[in-house]
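Let's walk through this one together, a question at a time.

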Amino acid sequence: MYNVLEFELITQEYSVLLTDAKRTSYGSGVIYYPGSGDKFYIFTCAHVVDNLLDPFEIYMLLPNNREIEDYQTFCSEVNKSQVAYALTDEIVEKNGQKEHFVDVAVICIGKDSRMNLEKTNYCIAEARKADPVLVQGYPGGMQADCGLLDSLDTMYGSVLHYAPNICTFTMRTEDNFLDTGNRAYELKGFSGSPVWHDSDEVLSLFGLISESYDENVYRGKIKVVKLQNIRSIMQNKFHVQLETRVVGIPETDIAGSDNVFKFDGRVELPDSTVYDEW
C-alpha cells in the first residue's frame, strides 16, 4: 500500500489542466496513454469543454524525476472536433448553461515526438461506500505568478453513496480541503479531476469530479461521474480497452522543468459508429 507522499507523487502527473488562450474558463482532466501509438487521450467532464473557447489548450506534467518533482510542462492546442461524447448523452439548457445528462468527454490528441509518455498504470474500478479517495486537479487554473506544478492541488474525502445503475456517485470532501466561505468557487476548477482510491496497492480510478449538489456545497457533498461511459467511448470509438478491477481483490486476480513545450496535437477523429453503452 502506498503512503500519502508516494500516492500523491504517483498520481499527480496524471492530472491535466484545460483552459483556453484567453483564460475564459478552466477545468481538469486525467491523461491516458495505451503505451504505444501516436495518440493519447484526456478524460474530462463534458461541461468543462463546453465552457472553453475553440481551440483550447491542455497543459500536462511529464516527469524527469518524480521523486524530486522534476517535471517538464507540455501544452497541446486542440480543437473541439477532437472531442467524443457519450452516445446516450442528452443536453438541456438550464439558466443559460448547457447541462449534460452524461457529463463525460474524451479528447483524442496527437502525440508529439518529444513526449516521453509512459504506459498508463491505472485501472478503472467500482467504488464502495466509505472508500477513502484522493482528488488532484487545478481548482484555480494556472496563475500567472506560478507554474503548472504549483497550481496543482489536492482534496481528500470518502465515498458517501455508490448506488448501482446510475452514472454518478456521491463523495464527501474533508472540511479543510475547501474554503467554507467560498466552496463553490474553489470546486469549479476541480471539475474533471480524477478521483482515486486512496488505500489500495493498485492505482484505481473511481471517476471524475462533476459538480456539487448545491451552490453552497452543503456538507461537502460532491457529485462524481462514473467511468463506464468513458470505457464505452474508448472501446467503440477508439478501439482501446481500458483495464478494470474490483477494489479489494489482489492484483494477481485482476482481469484483464519550468519550460513549456508547446505542440500541435490536433487530429481527426474516426468516423462515428453506433455502439452500446457499457
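**A walk through the model**

Guide: Start with H239, which is exposed at a relative accessible area of 68% (exposed is over 50%, buried under 20%, partly exposed in between, with a 1.4 Å probe and protein chains only). This is a predicted model, where local features need pLDDT of at least 70, side-chain atom pairs count only at pLDDT 80 or more, and totals for chains, interfaces and linings use all residues. Residues are numbered from 1 along each chain as its sequence is written, and side-chain values use heavy atoms, leaving out hydrogens and water.

Visitor: What is the phi of H239 near?

Guide: Most residues other than glycine have a negative phi. H239, in the loop between α5 (228–237) and β17 (244–246), goes positive: its phi is near 60°. (Helices are DSSP runs of H or I, at least four residues; strands are E runs of at least two; both are numbered from the N terminus.)

Visitor: Which peptide bond is cis?

Guide: Most peptide bonds are trans. Look at the loop between α2 (46–50) and β4 (56–65), where P55 is found. With omega near 0°, the cis bond runs from D54 to P55.

Visitor: Which element has the lowest mean pLDDT?

Guide: pLDDT is the predictor's confidence in each residue, from 0 to 100, and the protein chain averages 84. Strand β3 (residues 39–44) has the highest mean among the elements, 97. Where pLDDT is low, the predicted coordinates should not be read in detail. The lowest mean, 62, belongs to helix α4 (residues 183–188).
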